[in-house]
Amino acid sequence: MAWKAPIVVHPPSPGDGRKVTVRGHSVGVAHSDRDLVELLRRAGLSDADMALDDPHLVEWRGGRPHVWRPDEATAP
């Protein structure tokens, strides 16, 4: 079985925001880094803000990291 990051930030949705899962369980939709950190904190992950750029912990799917709107997801 392939190794997977425990936190997945899914592609931006058409209505803005990105679904977030922790170990396969949905924890909500984030619209900013601040939202993401709060969702992870509520899920019991302290110091989440320090881990957002760690690819071993966070997998950003369908767009660049820290991008929350679909029209910005693939812009250079």
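I started with the strand pairing: E1 and E2 run antiparallel and are joined by four bridges. I note that this is a predicted model. Within that pair, I found Pro 12 bridged to Arg 18 of E2. I then looked at the hairpin of E1 and E2, which has five residues between the strands. There, Asp 16 takes a positive phi near 75 degrees.

Next I checked the other partner of E1. E1 and E4 run parallel, with three bridges between them. Val 8 stands opposite Glu 59 of E4.

I asked how much of E1 is buried. Five of its six residues are, so E1 is largely enclosed by the rest of the structure.

I stepped back to the whole chain. I count one helix and four strands, in the order β-β-β-α-β along the sequence. Of the 76 residues, 30% are buried. The accessible surface is about 5,000 Å², and carbon and sulfur atoms account for 54% of that. I also took contacts between residues at least 6 apart in sequence: 43% of these join residues at least 24 apart.

Then I went to the largest nonpolar core. It has twelve residues, among them Ile 7, Val 20, Leu 36, Trp 60 and Trp 68. Strands E1, E2 and E4 and helix H1 each give two or more residues to this core. H1 gives the most, with three.

Last, I listed what Trp 68 touches, leaving out residues up to four places away in sequence. Its contacts include Val 9, Ala 30, Leu 36 and Trp 60. Pro 12, Asp 16 and Arg 18 are also on the list.

Technical notes
Residues numbered from 1 in each chain as written. Predicted model: local features only at pLDDT ≥ 70, side-chain atom pairs only at ≥ 80, totals over all residues. Heavy atoms only, no water. Core = buried A, V, L, I, M, F, W, Y, C linked by side-chain atoms within 4.5 Å. Buried < 20%, exposed > 50% of the residue type's maximum accessible area, 1.4 Å probe, protein only. Contact = heavy atoms within 4.5 Å. Areas by Shrake-Rupley, 256 points an atom, 1.4 Å probe, with all protein chains shown as cover. Pairing = 2+ DSSP bridges.
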